[in-house]
Amino acid sequence: MSNRLTCDVVVVGAGMVGAACALYAARSGLRVIVVDRGPVAGGTTGAGEGNLLVSDKEPGPELSLALYSGRLWQDVAAEPGLGEAIEFEPKGGLMVVSDPDGLHALETFAAGQRAEGVEAVPVAADALHGLEPHLADGLGGGMYYPQDCQVMPTLAAAHLIRRSGADLRTGRAVTGVLRGADGRLTGVRTDGGDIHAPAVVNATGTWGGEFAALAGVHLPVLPRRGFVLVTEPLPAGTVRHKVYDADYVANVASDSAALQSSAVVESTAAGPVLIGATRERVGFDRTFSLPAARILAAQATALFPVLGRARAIRSYLGFRPYLPDHLPVIGPDARLPGLYHACGHEGAGIGLSLGTGQLIAQSLTGTTPDLDLAPFRPDRFPAEEVPR
Amino acid sequence: MGGTEQHTLVVIGAGPAGIAAALAAADAGVRVTIVDSAPQAGGQFYRRPAAGLGARRPQALHHAWGTWESLNARLQAHIAADRIRHLTDHHVWFVERLETAFTVHALVGPEQTDPDTVTADAVVLATGGYEKVLPFPGWTLPGVVTAGGAQAMLKGGLVLPGRTVVVAGTGPLLMPVAAGLAAAGATIAAYIESADPKSLVRHASTLARNPAKLAEGAQYGAALARHGVPVRMRHTVVRAHGTARLEAVTVAALDAEGRIRPGTGRRIACDTLAVGHGMLPHTDLAETLGCALDGVRVAVDAEQRTDVPGIWAAGEATGIGGAVLSLAEGEIAGHSVAAQLQGTDPDPRGWSAAAKTRSRLRAFFAAIDTVYAPPAHWPESVTDETVLCRCEEVTAGEIREAVEGLGAGDLRTVKLLTRAGMGWCQGRICAPGVAGVAGCPADTARRPFARPVPLGVLAGPADTEPNRHH
Amino acid sequence: MRRTPLDLVRAEPGPAYTVTFDGREIPVLPGQTAAAALWSAGITSWRTTRRTGEPRGVFCGIGVCFDCLVTINGRPNQRACLVPAEPGDVITTQEGTGHDGRN
């Protein structure tokens, strides 16, 4: 068998973002090979909750991308058989505050979001139980975000790669890049042979910096660890929406390295309730942290006292890929023709993936991107900058 | 370490390995706490009828009862003298590694709702093993039980699963199970073993060095003959039949390659199938502590130390080999812990007999392992409709679709795509079956919680409430 | 008469008591688990699965597999093979997650 493989674009990374890039590139008429050193969804995608959120984002480029992506998710979910296969649930999000004073700040936050096209419906304290019957008593009220959705991320990545028709090569590590005489990228070298293509997409998530280094460019992607607790199967509707504490927004945007947590609680189609999400900057340490699990459990049971007797049956962790300014890198790398980046989405990669994939496809085909890519430019970080 | 302060060893598990470790350490002057999930000591091997059942001859269900009686006498003497504390009904869900010590987190009582914690300077993991069962059509029917499960229910509760039992699978455990069930009044309709006893010949010299084990096997063989049990070697169960419960099984002969010989299927009426394909070590606590594994077992050195300082492991957790091997490993671990906690040099001469037993039995069970292997082509008999993951009800067809249609090539991805292994048992039961059908290695999964733990316990302060019984 | 496990070990159990299973009274010997009591009464399944409603009972017998989950005195998801049956216990077939419906 010949090892010479040729296509129009190599997508490196078979996670959700790689799957989205493959889907839209293929639908633009490009021949796509997806290559990954591990299996499908073996990185952050397989360790995520599948949040498709607009609610936690303040006005700015990330929110625009989230809204754009959200529309694409609706389209994908409407394709025959796909919505069910990826467990797409347009369940809506509910952000709650512990006391009525917090409601004012939340309303200010939501007003900014509404101007960008986010639907945000104030929920008075006495109306919370109508939306979420098992919420604790005495909360201050909240904000309902009907556009928030959920998917099962591993299923989504696997099904979208299959739907794309791309040639999937798992268990194949990229060991270097190929360059033409003019310096352009002309493909990648893998431990299973070279793959030739005029375009290479870096969709390697948390390992995006490593891959960029192979290509000789600087990209300061770093991991931010998160734990998720999973309960025993509980009846459908125990938690009806994605429910979280308004502190979550502050933690997402935080620059602190220390352990932070604000519970995001939600039921899944399969029965278990998922409880996220801690944030810690501890490198790629896979050691289970009991303090992290304890704080998640405490916050979740404070929101939903009924969960106190539910048993946690497992816990998993993942590493969110973040960049110093908490925005992903999307688009061509001006420093190296042929190289495109689609990584660094932190904890929002599932939600932002489809928009990212579509923008990458537009870049690959020379179409004007639907969103301005300037905020996502890969070369925006000075080489010497140390991530905060 | 050192000084006059007395250090505490926590032994997790009160089976042969745990008791032997506790006794050796306590004999040397170490304070020991045994933390065990059962209401009384003994583990699976020396599981005894509940006290209220008033068994006058519990030895009728046991091999080597004298060994147990002397172990138990020593244990009770240490407990009476306050040198060993035995916490029963304590289900350990996590061992937390602190800077210079460990906190053992347990849930108390059969309902496992209330927390308790014990602090330890050293820990011996003697967590034992559980039975491996490979799937076949009908294996989820009530009346199909693990061979070890049937034995445990008999030893502990003095009950039988039914009247007419087929014992099937592979491995040395099946013999005592069949003999015990027969002695207790069950009719053994057939004893179905997939291994070929002729292959034992290849290991004749190893086996000859273990005359006691051979004699034990011969005793069980004689018992089966006495009860008129039909024995079928190189046979396997192809399917279990029934609707609400088991009514019959179909067994068939195997060819030299481990495939079903066409036309040999035979239906046997029964209300119970006791089935097993060997044992697997419990490694959850060790893995979460960061201990290295060797395949599916906890890796240990000559002193039964894991590679995590302060953590030892002994018994089935470090490789399946039965009670006598577990006793030897536990004894060595206890000596090693005592030396380390007391700041003395360990003296292997103090455990040379145990070390000899350990080498001999490890060689014996390595040989046994190669003989008692499941039929090589067992996944071919697993129909697409067969449920593989019993908790999440994931079928073989769904597993095959994940592999062939979605590109899964490892157990974790199969799990993420199908939910196989995500349920209550966390894949302990289905992992070998799912891996076999998926055609990927049965890697051990990380299970941070060795048992389900109520969120209220996780959330609460680490204090202890009084043990609230049912 | 057929030999029993109690004969084999010459058991002299304390006085039996009763529990109910789905309303039916069944006898229990002191120290027996819920699963042992149910087996003694000829009952081999006491749960139906979440997805397809299949019957289940004891499988591993030692608390590992969670197949024998049952509702006792209104508390779902108890492992019948571990939990002792106490006098007067109300044992009911568990359906679904054990948390829904009448359980």
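1. A cavity is here a set of points, on a 1 Å grid over the protein atoms alone, where a 1.4 Å probe fits but cannot get out, its lining residues being those with an atom within 4 Å of a point. Grid points are joined across faces, edges and corners, and a volume is the space filled by probe spheres set on the points. In these terms, the largest cavity holds about 200 Å³ of space.

2. The basis of the note is as follows. The structure is a predicted model, in which local features need pLDDT of at least 70 and side-chain atom pairs count only at pLDDT 80 or more, whereas totals for chains, interfaces and linings use all residues; side-chain values use heavy atoms, with hydrogens and water left out. Residues are numbered from 1 along each chain as its sequence is written, while chains are lettered from A and ligands numbered from 1 in the order in which they are written.

3. Over the whole structure, the search returns 8 cavities of 30 Å³ or more. The lining of the largest cavity comprises 22 residues, and those nearest its centre are B:Thr236, B:Val237, B:His277, B:Pro375 and B:Trp378. At least two lining residues each come from strand 10 (164-169) and strand 13 (235-242) of chain B, helices (H or I, at least four residues) and strands (E, at least two) being DSSP runs numbered from the N terminus. Strand 13 of chain B gives the largest share, 4 residues.

4. For composition, Ala, Val, Leu, Ile, Met, Phe, Trp, Tyr, Cys and Pro count as nonpolar, Asp, Glu, Lys and Arg as charged, and the others, Gly among them, as polar. On this basis the lining of the largest cavity has 13 nonpolar, 8 polar and 1 charged residues.

5. The second largest cavity has a volume of about 100 Å³. Its lining numbers 15 residues, with B:Cys391, B:Trp424, C:Arg47, C:Arg50 and C:Leu69 nearest the centre. By class, 6 of the lining residues are nonpolar, 5 polar and 4 charged.

6. The interface of chain B and chain C involves 59 residues from chain B and 50 residues from chain C, contact meaning heavy atoms within 4.5 Å. About 4,600 Å² is buried between these chains, 59% of it on carbon and sulfur atoms; buried area is the accessible area (1.4 Å probe) that two parts lose on being put together, summed over both. In chain C, the residues that lose the most area to chain B are C:Arg2, C:Trp39 and C:Phe59, together 17% of what that side buries.

7. Across the interface of chain C and chain B there are 5 salt bridges, each defined by a side-chain nitrogen of Lys or Arg within 4 Å of a carboxyl oxygen of Asp or Glu. B:Glu392 and C:Arg50 form a salt bridge, with their closest N and O atoms 2.9 Å apart. C:Arg50 is also among the residues nearest the centre of the second largest cavity.

8. By class, the side of chain C that touches chain B has 24 nonpolar, 14 polar and 12 charged residues.

9. Between chain A and chain C, 7 residues of chain A are in contact with 7 residues of chain C. The buried area is about 580 Å², of which carbon and sulfur atoms give 44%. A:Pro233, A:Pro235 and A:Arg311 lose the most area on the chain A side, together 58% of what that side buries. The count between these chains is 0 salt bridges and 4 residue pairs in polar contact.

10. Over all chains, the structure has 38 salt bridges. One joins the side chains of B:Arg362 and B:Glu329 (2.9 Å, N to O). Because B:Arg362 lies in helix 9 (residues 352-371) and B:Glu329 in helix 8 (residues 322-341) of chain B, the pair ties together parts that are 33 residues apart in sequence.

11. Two backbone features of chain A may be checked in the model. The peptide bond from A:Gly276 to A:Ala277 is cis, with omega near -5°, and A:Ala277 belongs to strand 17 (residues 272-279). A:Glu346, although not a glycine, has a positive phi of about 50°; A:Glu346 is found in the loop between strand 20 (339-343) and helix 10 (349-364).

How values were computed:
On a 1 Å grid over the protein atoms alone, a cavity is a set of points where a 1.4 Å probe fits but cannot get out, and a pocket is an open set with protein on both sides within 12 Å along at least five of seven lines; lining residues have an atom within 4 Å of a point. A polar contact is a pair of N or O atoms within 3.5 Å; within protein, one must be able to donate a hydrogen and the other to accept it, and residues adjacent in sequence count only if both atoms are side-chain atoms.
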